[in-house]
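I opened this model to go through its core and its sheet. My notes follow in the order of looking.

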Amino acid sequence: MSAITTDFIADQNRVRLADHREDFDALARKLARRGFDPEALVKDATAFAVAVPSWGVGTGGTRFARFPGPGEPRNVFDKLADCGVINTLTRLTPSVSPHFPWDKVKDYAELREAAKSHGLTFDAVNSNTFQDQAGQPLSYKFGSLTHTDKAVREQAIAHNIECVEIGRALGSKALTVWIGDGSNFAGQSSLARAFDRYLDSTAAIYRALPDDWRMLLEHKLFEPAFYSTVISDWGSSYLAAQHLGPKAQCLVDLGHHAPTVNIEQIVSRLARFGKLGGFHFNDSKYGDDDLDAASVSPFRLYLVFHELAEATRSIGPSFAPAYMIDQSHNVTDPIESLMQSAIEIARARAQAQLVDAEALAAAQEANDALTAHRLLKAGFLTDVSPLIAEARLRAGGALDPIATYRAGGYRAAAARERPAAAAGSAGIV
Ligand code: LRH
Ligand code: MN
């Protein structure tokens, strides 16, 4: 496959360097005038990383249909090659979050080596008890970890423990547990007993965790269940994480809330009580749309990163949530969408460093609402494009990753090498 080499990137950067230099120097002067240290900000931006989902590099779909594009990844090795390109160009995504059994292979040492050959490591592993696999003895139609049948719960527990074992072989340090368990009719299931079964089942998984691992509980308001979902909100997730122990934390998928929910306040609460384990970044307008991060509400993403900056200021360097993307790319080249999303997430984070925290706290204490709002918004109103581009440049990445990717012909080469995938099958992957 045509590798996007460092020389090719350097060539592509060369024609953009003069404009970039001019823009960066102008921004650096502006930031210094506002009392910030541009060099420290570039270093901070260079250190930021967000994991990409292995399931995100294939074209996604909905329950109605999926329209695969050219050069679809055929297996997890193709997925890693595509994830490698995203990191080579953005220098923001050195790790991949895999999903099992979608990424199942015979030899996990070989898979780990394959990732390494693309400069990648593995982030949190994801279990899957929301689909029935071919040959699976018991169905998850009526739930998995909370199913009324003990045998089904044990099957789901065993799968999660197997994911932990796979993760250990891959060098991962966390298990993400999202279950679709719930009901479609009032009365269909006991809301109390379902939650107790969840606590029992996750406790069994928790006991199998290595000491240095985390278990990330992912809540979701609805879908696939449409009346009640066992872990439907941060409250249920927090109660479970509290009940399980210190290795259990909550994962916030931005798309898993009702449209009007104040997600940044949830972030603040969970961080305050040491239970903010990580994120699935994406964007949405209606439901769990899994759209590209910051493509609908960039200000909301900024506000989330403002709360993360506040939490880092009050908790200190031990505050280290896992940053991951979880999106479905139905109409774009998934590699381009993931690069753009990683850049938008890095942008929100860099902007959140540009708030005068002391002045903001003083205005808040003085109930000077407008000054406080303007001080908070100052970061969001700063175009940090040259700063995050400078961080990419210094890390060996592309000044314009999407233009460089298109010029490199990777997708066309993939289309030549990988047989066209059949259209039509519904589903997110
Ligand atoms: C559920 C979810 C979960 C993944 C799946 C692919 O909606 O966000 O994180 O397992 O998407
Ligand atoms: Mn998710």
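Which residues touch the most other members of the largest nonpolar core? I found Phe-279, Phe-305 and Leu-387, out of the 110 residues in that core. By nonpolar core I mean a set of buried Ala, Val, Leu, Ile, Met, Phe, Trp, Tyr and Cys residues joined through side-chain atoms within 4.5 Å. Buried stands for under 20% relative accessible area, exposed for over 50%, and partly exposed for values in between, with a 1.4 Å probe and protein chains only. Helix α10 (residues 334-352) gives the largest share of this core, 10 residues.

Conventions, noted once. The model is predicted, and local features need pLDDT of at least 70, side-chain atom pairs count only at pLDDT 80 or more, while totals for chains, interfaces and linings use all residues. Residues are numbered from 1 along each chain as its sequence is written, chains are lettered from A and ligands numbered from 1 in the order in which they are written, and side-chain values use heavy atoms, with hydrogens and water left out.

I then listed the contacts of Phe-305 (contact: heavy atoms within 4.5 Å). Leaving out residues up to four places away in sequence, Phe-305 touches Phe-48, Phe-281, Tyr-323, Ile-345, Ala-348, Arg-349 and Ala-352. I also noted a second, separate core of seven residues, Ala-51, Ala-174, Leu-216 and Ala-322 among them.

Next, the whole chain. I count 15 helices and 11 strands, both being DSSP runs numbered from the N terminus (helices H or I, at least four residues; strands E, at least two). The radius of gyration is 22 Å, close to the 22 Å of the globule rule for 429 residues, so the chain is as compact as a globular protein of that length. That radius is taken over C-alpha atoms, and the rule is 2.2 Å times the number of residues to the power 0.38. Buried residues make up 54% of the 429. Of the contacts between residues at least 6 apart in sequence, 80% join residues at least 24 apart.

β5 (residues 174-177) is joined to β7 by four bridges, and Thr-176 has Leu-216 as its bridge partner. β7 and β9 also pair over four bridges, where Leu-217 stands opposite Cys-250. β9 (residues 248-253) and β10 (residues 276-281) are parallel, again over four bridges. Here Cys-250 faces Leu-276, and Asp-253 has His-280 as its partner.

On burial, four of the five residues of β7 are buried. In β10 six of the six are buried, so this strand is largely enclosed by the rest of the structure.

Last, the helices on the sheet.

Terms used: Pairing = 2+ DSSP bridges.
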